[in-house]
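The paragraphs below lead through a structure step by step, from the whole chain to its parts. Please keep the sequence and the 3D view open while reading.

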Amino acid sequence: MAEQHIPKNTHTTPPMRVKVKILRYNPETDKKPHWETYPVEAQPSDRVLDVLNYIKWYVEPSLTFRRSCGHGICGSDAMMIAGRNRLACKALLRDVVKDGGTLTIEPIRGLKVEKDLLTDMEPFFDAYKAIMPYFINESPPPAGERLQSPEQAERMAHSSNCILCACCTTSCPIFWVNGSYLGPAAIVQAHRFIFDSRDEATNQRLNIMNQNTGVWRCRTAYNCTEACPRDIPITTIIEEVKRAVMYQQS
Amino acid sequence: MIRARTFTDARAQAHSNAELNWWIFMRISGLILVFLVLGHIYMTFIQVSESDATYTAVVAKLQNPAWKFYDWTILALTMLHGVNGARYSIEDYVRSRPNRAWVKTIFYTISAVIFTLGTVGLFSI
């Protein structure tokens, strides 16, 4: 029995009582989303995902949200937690709410809500597909691997960290009002291939970035940079792509 | 790549460098304007007191074509910079196509009138 080995004083911090306020929507019965509050007792070191799981498993089984790995890698559980886009599996309770306080959880914005915290991700992945998110190199491969120097790898180190959770794109005020904008996530993915020394479709991707729906829609609101759970300097990356388009066209 | 099926798609996929050029213009004009406007503020409010800035004093100063050019550069750059910035916002936030056309037409007309009045006023002194 695992719990026999856990010493009693592990839980030195007392549990906290929080009211979890979730924006719920059932397309079959509701016309508009509405708030519902669930009182929860949890450890300050619990993640928001644990709290949501607790509510779903023991209080309200109809609560709907996406989660998969639960370790900040799959990018499924992006939601607006305490007014900011975060991953529920990476946000600790003590960082987003005080003892006795209210924790608000909403679906990410700018995408159609299908139920509760579940949104239709198709427009997001359409933008992702539009930048040709695959390695393109027509030249015959060398006997070994296609090598990169550490400096060349560093060039795309940040943008290759993206997990496509949509935290950035759905925090972008331009994406909220203008669905045809590719959005920060797609540009970060484009950056990952544009600045990959082994990829040969740089010009094609820069042309896509130069379209009406591309990088010039970015107004540097910096919401994406603040929202990114992987700490990617997204706005800087978008500016790098703008500069690359500029030099390509000159 | 998906081929455009409608005129709207075709326009979305067509790339001219207009947006790129406006982006560069915004950066350069913004930088120039910082110095032009700071100089303007200095000359108007610090170098001379507000009570000294009478009509005759201003007219006398603007007899010099260099100052005319200086003021006209401020006028032209601020109008272009400001109008383009507002165009960004209109294109982002006015999503209905007919409304956008109306808003832009009215806005451009007013801006053109202001620019013309400023230019005429400056060069008829």
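Of the 250 residues in chain A, 39% are buried; a residue counts as buried if 20 or more other C-beta atoms, placed from the backbone, lie within 10 Å of its own, as exposed if 12 or fewer do, and as partly exposed in between. This is a predicted model, in which local features need pLDDT of at least 70 and side-chain atom pairs count only at pLDDT 80 or more, while totals for chains, interfaces and linings use all residues. Residues are numbered from 1 along each chain as its sequence is written, and chains are lettered from A and ligands numbered from 1 in the order in which they are written.

The C-alpha trace of chain A spans about 60 × 50 × 30 Å along its principal axes. Chain A contains 9 helices and 7 strands; these are DSSP runs numbered from the N terminus, helices being H or I with at least four residues and strands E with at least two. Two residues are in contact if their C-beta atoms, placed from the backbone, lie within 7 Å. Among contacts in chain A between residues at least 6 apart in sequence, 66% join residues at least 24 apart.

An open sheet is formed by 5 strands of chain A, in the order β2-β1-β5-β3-β4, with mixed pairing. Strands pair if DSSP finds at least two bridges between them. At the edges are β2 (34-42) and β4 of chain A, each of which pairs on one side only. From one strand to the next, the twist averages 35°. Helix α1 (residues 48-59) of chain A packs on the sheet, where it touches β1, β2 and β3 (78-81) of chain A, and its direction makes about 100° with that of β2(A). Such angles run from 0 to 180 degrees between N-to-C directions, and axes are lines fitted to C-alpha atoms, for helices over the stretch in contact.

Strand β1 (residues 16-24) of chain A runs antiparallel to β2(A), and 9 bridges join them. Val18(A) has Val40(A) as its bridge partner in β2(A). With strand β5 (residues 102-106) of chain A, β1(A) pairs in the parallel sense over 4 bridges. There, Ile105(A) in β5(A) is the bridge partner of Ile22(A).

The domain assignment of chain A gives domain 1 (11-119) and domain 2 (122-135 + 148-249); such bounds come from an automatic or database assignment. The centres of domain 1 and domain 2 of chain A, taken over C-alpha atoms, are 28 Å apart. Their contact takes 14 residues from domain 1 of chain A and 13 residues from domain 2 of chain A. On the side of domain 1 of chain A that touches domain 2 of chain A, strand β4 (residues 84-87) of chain A gives the most, with 4 residues.

Another pair to look at is α7 with α9. The axes of helix α7 (residues 202-209) of chain A and α9(A) come within 10 Å and cross at roughly 110°. Because angles of 65 to 115 degrees count as roughly perpendicular, under 35 as roughly parallel, over 145 as roughly antiparallel and the rest as oblique, α7(A) and α9(A) are roughly perpendicular to each other. Asn203(A), Leu206(A) and Met209(A) in α7(A) meet Val241(A), Ala244(A), Val245(A) and Gln248(A) in α9(A).

Chain A also touches chain B, in a contact that takes 15 residues from chain A and 12 residues from chain B. On the side of chain A, the elements that give two or more residues are α5 (173-177) and α9 (234-249). The largest share of that side, 4 residues, comes from α9(A).
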